[in-house]
Amino acid sequence: MRMTEICACHARVQLNKGQDIVTWRIEQAKAILAAIGDIPGLRRPVQKFGCRHVYYTIPFLVDPSDRPGRVYPPETRAWFCKLLREMGVPIVEGYVEPLYRLPAFSQFARSCPVAEDLHDRRLLYIENCAWDFTPEQIRQVGEAFHKAAEAVKL
């Protein structure tokens, strides 16, 4: 497969901007995470020592592990995300469907409980690469997360 000349020209220009784009994305993600703060029952992304998170997405997990004895009903994430979307937060549930669930890969069907749990019940994210939030919108995202978390009793 070959890239056309016009695509190569666009790619070359974009590559020159790559570091600036990543830096901007990291700054925006850090501002969003600061606005959200810590919410019990919602695990935020962790950056390992010596690594850099470029925040293509800002992932979160609905996670009762920091609340001993707490078990969330299966629909908790869906309800939480529905409330966030109603408040204008561009939130996405799940990620990519596990491949073995797709018709083309049905012959490889199996059970991967962790992947299924993440996709079906726990993972949510903001597509940081797709949005350019203003400071006011970032503040509103933080408020929305807290309101939705309170409503679903995270």
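Trainee: Which residues is leucine 154 in contact with, leaving aside its neighbours within four places in sequence?

Mentor: Contact means heavy atoms within 4.5 Å. By that rule leucine 154 is in contact with Ile39, Pro40, Gly41, Leu42, Val62, Arg67, Arg70, Tyr72, Thr76, Phe80 and Ala149. This is a predicted model, in which local features need pLDDT of at least 70 and side-chain atom pairs count only at pLDDT 80 or more, while totals for chains, interfaces and linings use all residues. Residues are numbered from 1 along each chain as its sequence is written, and side-chain values use heavy atoms, with hydrogens and water left out.

Trainee: Which residues have the most contacts inside the largest nonpolar core?

Mentor: A nonpolar core is a set of buried Ala, Val, Leu, Ile, Met, Phe, Trp, Tyr and Cys residues joined through side-chain atoms within 4.5 Å. Buried means under 20% relative accessible area, exposed over 50%, and partly exposed in between, with a 1.4 Å probe and protein chains only. The largest core here has 30 residues, and Phe60, Phe80, Ile126, Phe145 and Leu154 have the most contacts inside it. Its largest share, 7 residues, comes from helix H4.

Trainee: In what order do the 4 strands of the open sheet stand?

Mentor: Strands (E, at least two residues) and helices (H or I, at least four) are DSSP runs, numbered from the N terminus. Two strands pair if DSSP finds at least two bridges between them. Here the order is S1-S2-S4-S3, with antiparallel pairing. S1 (42–43) and S3 (91–93) each have a single partner strand, so one side of each is left without a neighbour in the sheet. S1 is joined to S2 (residues 58–62) by 2 bridges, and leucine 42 stands opposite valine 62 in S2.

Trainee: Is threonine 57 buried or exposed?

Mentor: Threonine 57 is buried, at a relative accessible area of 13%. This residue is found in the loop between S1 and S2. Not counting residues up to four places away in sequence, threonine 57 touches Tyr125, Ile126 and Asn128.

Trainee: At what angle do H2 and H4 pack?

Mentor: Two packed helices are described by the angle between their axes and the distance between the axes. Axes are lines fitted to C-alpha atoms, for helices over the stretch in contact, and angles run from 0 to 180 degrees between N-to-C directions. H2 and H4 pack at about 140 degrees, with their axes 9 Å apart. That makes H2 oblique to H4: under 35 degrees counts as roughly parallel, over 145 as roughly antiparallel, 65 to 115 as roughly perpendicular, and the rest as oblique. Among the residues that meet, Phe80 belongs to H2 and Phe145 to H4.
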